[in-house]
Structure formats: structure tokens, C-alpha cells
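Me: I would like a close look at one part of this protein. Please keep it brisk.

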Amino acid sequence: MASQSRNNKILLDLVQQLGNNQCADCAAPEPDWASYTLGVFVCLNCSGMHRNLSTVSKVKSIRLDYWEDSLVQVFMQEWGNSVAKAFFEKRLPAFYYRPQEHDCIIDGKVLKEQWIRAKYERREFTGENNEFLQTYNLDLFESTLWKKGRDNKQYLKRIFVLSQKDFTLRYFTKEDSKVAKAVISMKDLNAHFQPQKIGHPHGLQISYLEDERTRNLFVYHENGQVIVSFFNAIRATRLAYLLKKHPTLQHSDLIPQITTHCLKEGYMEKTGPTQREPFKKRWFTLCSVNRKLLYCKSPLDATDLGAVFIGSQDHGYSVSESSGRCTRSGRWHCGITMETPSRQFVFMCEQEQERREWMEAFRKVISQPMTPEDYATKVRRRGGALPADEAV
């Protein structure tokens with residue numbers, strides 16, 4: 001009993017040290033678990049994934065479980081998160097996505113699982129085996145995925161090819177096809193996992209600009225390693241493109257631009273520019289990086305119906321609550337009014353909680369200063385006006 005109490009105190013002291021005080025895999029604060037075979041402190045969520053690595057990782061609670069002297073002295077005191085990171089992440093590429101605590105536990109599950117497997121099971125970043133990393137440095141990276149049809153819900157196999165020669169993503173309908181179905185530039189391409197929306201735990205959404213409209217591709221693969229490798233290959237190609245476009249910038253400046261999550265998604269109702277038209281239910285997506293509020297009829301639409309550019313408060317943009325007591329708005333009465341230099345937008349949310357979340361997201365974008373790229377986007381969108389086909 002005395003030995004157990006002493007060991008628990010040693011572990012609680014160790015977990016307070018710099019490096020150990022964050023999860024070794026997702027940086028969550030105050031980890032309560034540890035892998036005694038790897039010598040790392042991890043959070044509850046990541047400890048569950050370590051249990052799936054039973055041949056390389058064994059976990060215990062640092063507060064509740066019994067710890068033998070040898071486990072504490074040999075593994076936890078001699079290793080710890082900083083030493084383990086220097087070993088297991090020695091050759092980690094700048095483009096490789098490292099899951100963080102804020103990643104949704106559902107949407108980010110395949111990312112976290114494959115990140116942990118890549119580090120400890122396959123040891124992709126230790127320098128022992130460069131086979132995995134070499135695939136990202138090839139001129140062409142090919143993967144066969146299931147892709148949703150543009151105008152239907154059917155998923156069909158498609159061959160996707162990433163090129164670092166011309167910074168494109170191509171996809172083909174057949175293995176022997178010589179002409180690509182689409183050639184997509186890395187310039188405006190984004191990719192992020194959307195398992196709930198797509199209905200598959202490995203669902204990935206790829207978005208890009210096509211004739212100033214956002215085009216969406218929805219893909220998945222049954223194997224988590226395959227889809228995560230494809231995602232990181234996209235990030236590798238995007239980073240190569242950005243480095244060529246901005247040769248004077250550092251990796252640290254470009255990493256946040258490689259791929260981004262949307263700030264907020266969900267249904268709202270909208271009306272037309274005169275605010276006399278009936279409200280229509282639309283699926284909205286807000287991205288803080290390009291300051292666009294995109295909307296579609298449904299979450300899996302291939303192309304957006306339009307977009308609202310959201311500038312900064314210094315340029316006349318603001319958002320406020322509105323009563324929403326309007327017969328044209330149907331059953332939804334939690335209103336939001338957005339003021340822009342060109343017009344006023346009115347949206348309706350179903351629940352008060354949804355309104356608060358949208359208001360918080362809008363204010364986050366409006367509070368951010370605009371960049372030169374933002375000004376260019378605003379000009380292309382004609383000052384924030386909606387496209388003509390959704391003016392009614």
C-alpha cells in the first residue's frame with residue numbers, strides 16, 4: 001500500500017512537468033492516463049485508442065490503477081512526453097496533420113486513430129523506415145476512393161491522382177481512362193473530414209472553386225489508413241504549392257492555410273434582398289479563412305447556390321439579433337440580422353442555441369482584420385451580394 005501511494009504521488013508529480021502536462025497525442029491538458037510501455041501521458045480519449053494497440057501500448061490510470069515500481073522508474077521517469085516526442089516524431093513532416101483536442105471526437109476519430117497508429121505502431125516518423133514518408137514526396141500520389149455522384153446519392157469507385165509537378169488533383173472514372181473527369185487546381189482546394197455529413201466514419205469532403213462557385217466532392221475509403229494518407233497527401237501537395245507561391249514565407253506561416261475546418265455549419269432560413277420574399281430553408285457553411293458564408297439546399301449538394309462575403313467591423317459589417325416574428329419565416333423565429341455596406345441580410349434559426357452559436361461564429365469573423373486576399377475575394381463577390389439565382 002505504501003509503495004502504491006508513493007508511486008501514485010510520483011506519477012502525479014511527473015504529469016505536472018512541462019511536456020507531460022499535455023496529452024502526448026492531442027495536447028489536451030491534464031492527462032489522467034499513461035502508456036507504461038511507451039512512457040507517455042495521454043488523455044482519456046487517446047487512451048481508448050491506445051488500447052487498440054495492445055501489442056505496442058499498455059495503458060493505466062495514473063490515479064486509480066496499481067503501478068509497480070519498475071513501470072514508474074523504467075518507463076515513466078526515464079521517458080515522458082518530451083523524450084518520447086523526440087523519438088517518435090523525429091521525422092514528422094510539416095504538412096502532416098496532428099490532431100488537436102479541439103478536433104471533434106466523432107469527426108476527428110479516424111485522424112486521431114491513424115495518427116496514434118502512425119507514431120507508435122508503424123513508426124512512420126522515427127527514421128527507422130522511410131517507406132511511408134517517401135510516398136508523399138513522389139511526383140504522383142494515387143488512391144482509389146468511393147465518390148458520391150454529382151446529382152445522386154450513389155457512390156462509385158474513382159481513381160484520384162495528386163501531382164506535385166503541376167499542383168493538381170485529377171480524378172478518373174476508370175483505371176484505363178486517359179482523360180481525367182476533372183482537373184482541380186491546388187490554389188483554392190480544401191479538404192476536411194465530414195463523417196456525420198457523409199454517413200461514413202472515413203468520409204472526407206473536398207472543396208474547390210469552379211467558375212467562382214464552390215464545388216464539393218464527397219469521398220470515403222473503408223480503410224482508415226488509406227483515407228488519412230490521401231488527406232495528408234493533399235496537405236503535402238498544398239504545402240508545396242504554397243511554398244512556390246510564397247517563397248519568402250516560413251512553414252509556420254503556411255501550415256494554417258493548408259487545409260481548414262469550417263467554423264460553423266447547419267440549417268437556417270433566408271429571405272431575398274428585398275426581405276419581402278418567403279424564407280427558404282438552406283444549409284449554411286461558414287469559413288473564417290476566406291470569410292465566406294456559403295449556402296446550399298442540402299448538406300451534400302455538389303455546388304453552392306451562393307455566398308455572402310463577411311468583411312470586418314472596420315468596413316461596416318455587423319451582426320445582431322432580430323425578433324424574427326414574421327409570417328414568411330415559417331416556424332423558425334430566432335432571427336439574425338447581418339449588416340453589410342451593400343445590403344442587410346436576415347436569417348432565421350430554429351432554436352435559440354443555434355442562434356447563439358451562429359452569432360458567435362459571425363462575430364468571430366467580423367472581429368478579424370481583413371487581409372489582401374480577403375479584399376480580392378470581396379471584389380470577386382461584388383461586395384458581398386448574393387448571386388442572381390438566389391435573389392428570390
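Which side chains meet in a salt bridge, N to O? Please describe the interface of domain 2 and domain 3 around it.

Reply: The side chains of Glu 265 and Lys 197 meet in a salt bridge, at 2.7 Å from N to O. A salt bridge here is a side-chain nitrogen of Lys or Arg within 4 Å of a carboxyl oxygen of Asp or Glu.

First, the ground rules. This is a predicted model, in which local features need pLDDT of at least 70, side-chain atom pairs count only at pLDDT 80 or more, and totals for chains, interfaces and linings use all residues. Residues are numbered from 1 along each chain as its sequence is written, and side-chain values use heavy atoms, with hydrogens and water left out.

Now the domains. The assignment gives domain 1 (1–89), domain 2 (130–257) and domain 3 (262–390). These bounds come from an automatic or database domain assignment. The centres of domain 2 and domain 3, taken over C-alpha atoms, lie 28 Å apart. Domain 2 brings 12 residues to the contact and domain 3 brings 16 residues. Contact means heavy atoms within 4.5 Å.

Next, the area. About 1,400 Å² is buried between domain 2 and domain 3, and carbon and sulfur atoms give 43% of it. Buried area is the accessible area (1.4 Å probe) that two parts lose on being put together, summed over both. On the domain 2 side, Lys 197, Arg 213 and Thr 214 supply 42% of the area buried against domain 3, more than any other three residues.

Then the polar links. The rule finds 1 salt bridge across this interface. It also finds 8 residue pairs in polar contact, both residues at pLDDT 80 or more. A polar contact is a pair of N or O atoms within 3.5 Å; within protein, one must be able to donate a hydrogen and the other to accept it, and residues adjacent in sequence count only if both atoms are side-chain atoms.

Which elements of domain 2 give two or more residues to the side that touches domain 3? They are helix H7 (195–198) and strand S10 (213–220). S10 gives the most, with 5 residues. Helices (H or I, at least four residues) and strands (E, at least two) are DSSP runs, numbered from the N terminus. By class, this side of domain 2 has 3 nonpolar, 3 polar and 6 charged residues. Ala, Val, Leu, Ile, Met, Phe, Trp, Tyr, Cys and Pro count as nonpolar, Asp, Glu, Lys and Arg as charged, and the others, Gly among them, as polar.
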